[in-house]
Amino acid sequence: MEGSTGRVAKKKVAVVGGGLVGALNACFFAKRGFDVEVFETREDIRLAKIVKGRSINLALSHRGRQALKHVGIEEKIVSKGIPMHARMIHSLTGKQSPIPYGKKGQYILSVDRANLNKVLLTEAETYPNTKLNFDHKLQDWSVETGLMTFVRSDGSKKQTTADLIVGCDGAFSATRKQFLRQTRFNYSQTYIPHGYMELTMLPINGEFAMRPNYLHIWPRNTFMMIALPNLDKTFTCTLFMPFDEFEKITTGDQVIEFFQKYFPDTIPLIGVDTLKRDYFRLPAQAMVSVKCSPYHIGDKCVLMGDAAHAVVPFYGQGMNAGFEDCNVFDEIMDQFSEDLSAVLPEYSRVRVPDDHAIADLAMYNYVEMRAHVNSRWFLFRKYLDNLLHFLMPKTIIPLYTMVTFTRTRYHEAVAHWHWQNKVIHRGLLLSTTGAVLGGSYLLIKNPPNVNKLIIPAEKVWNRLMALRTS
C-alpha cells in the first residue's frame, strides 16, 4: 500500500523488551525502514538513579561485534571496553598462570552492561521511525490479531497492534507465554544447583588491584571465582558456588575463614570489611538455562535473545548469541526479501540448533573453568591444539577460537570439535604405540645392562608416586 508521498508503507514492528537484544533489534528493524515501537517493563535506565537487574560484566567477542558493526556502533562500544587477552589462573598458593584465549592479537572485551544498554537505546532513538515506551509490561497478546495489552505501574492499560511482534523480554519472557499455548512447541528450563554472588575489588592507590587485561579465575574444582576489569579501575568479582555452600556461611567471620581457605590472595585486595559487607548485601542469585523450539508463530511473532535461549554465563556467549540472532534474522530478511511468512520459519530452522549447541557448551565450560584448567592434561591439550592450529589453520581449530573469534555456526563448531578430538586422540595413540613398539624393538636388539637400570627405575617410580599424591 502506498501513502500520499508515494512510498510503500512499511510494516509496524513491536519489540517487547528494551534490554540489550531488544534495543539492538530496534536499530536493525529501523535501519530497514520499519516503523518500530519498543516496550520495556522497567523505567528508562538512562534516567534511573539505581539500575535494577543483573550486573554481571559482559564479555563482548566477534559475533557481538559484527552485529554492532552492522548498525555502526562497534567502535563506540569497543572504545569503552577493556581487552582481555587471556585467562589468568590463580592457584591456592597465589601463583598466577596465564592461558591465552587465542592467537596473538585475539582478545575478548570486558564491557559494562548498563552502559552498553544506554548506548543501544540512544542509538535506537536516533531513527525517526522508532519510538521507545518505558514502564510498559506486556500482559498478553493475540496470535490471531497481533493485539497486545500492556500494563503500567499506575494500573493503566494500553492496547496496540503490530504486524510483527519480536519477543526480546528475557528468560522469563511474557511474549513466550503465548507460545506455550501452541501445539508442538517444545520448552524446557533447567536451574543449575550453583548460584552466583558479586563482590567489588576497589582500586589500590588509584590503580587496578590486579593486572587488568585478563579474565582472572580462581578455580577450586567444585566452585570458582572470576574477576573482570571495569573502566573505573575496579574489578567485578563473581563467586559461583553450590547454593548449599553459600548457605553454610552465615557470619562475617565465616566469610573471612572461607576466603582464607580458598582465595587467600584476594583478602588484601578486596579488604576484610568490604568482604564482610558485600557478601551479605544480596543473597546468591540463581542461573537458568532455557531451550525452546520453534522460535516463531506463523508470521506474527518471533523470539530472540534470552526469551529464546537463556544460557548460563560460563562461555561468555549469552549476549553475543543474542546479538547474532539479530544479524542472522537480518540476513534471512535479505534472503527472502522481507517476506515474513518465509523469514520466520527459516529463522527457526537455522537458529534453533545453534542456540541449543551454545546452551550445552556453556554448561560444559563451567566444569572446564572451575576444574579442568587445573589439570596438566588440559594445559597440554591447549598447547597441542594451538600448535596444530598454527601448522594446519584450516583443519585443526580450537573450539574456543571457533566459538569466540569466528561466526562459525555453533552446532558446526561442536561437530568439528568432536571430529578433531577423535583425530588428535587417534594420532596420540598411534604415536605412543609407535614409540612403545620402536623402543621395544631397540631393547630386544640391544638389551641393556639390567643392573644399571635398577636405580633409575626406582627414581622414576618415586617421581610417579609423588605426582600421584600431589
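Is strand β2 (residues 35-39) largely enclosed by the rest of the structure, or exposed, and why? I began with this strand, taking strands as DSSP runs of E of at least two residues and helices as runs of H or I of at least four, numbered from the N terminus. I found that four of the five residues of β2 are buried, so the strand is largely enclosed by the rest of the structure; buried means under 20% relative accessible area, exposed over 50% and partly exposed in between, with a 1.4 Å probe and protein chains only.

I noted that this is a predicted model, in which local features need pLDDT of at least 70 and side-chain atom pairs count only at pLDDT 80 or more, while totals for chains, interfaces and linings use all residues. Residues are numbered from 1 along each chain as its sequence is written, and side-chain values use heavy atoms, with hydrogens and water left out.

Next I looked up the neighbours of β2, where two strands pair if DSSP finds at least two bridges between them. Strand β1 (residues 12-16) pairs with β2 in the parallel sense over five bridges, and lysine 12 has aspartate 35 as its bridge partner. Strand β8 (residues 130-133) also runs parallel to β2, joined by four bridges, with glutamate 37 opposite lysine 131.

Last, I turned to charges over rings, which require NZ of Lys or CZ of Arg within 6 Å of the ring centre and within 35 degrees of the ring normal. Lysine 10 lies over the face of phenylalanine 34, at 5.0 Å from the ring centre, and the charged end of arginine 63 sits over the ring of tyrosine 410, 4.0 Å from its centre.
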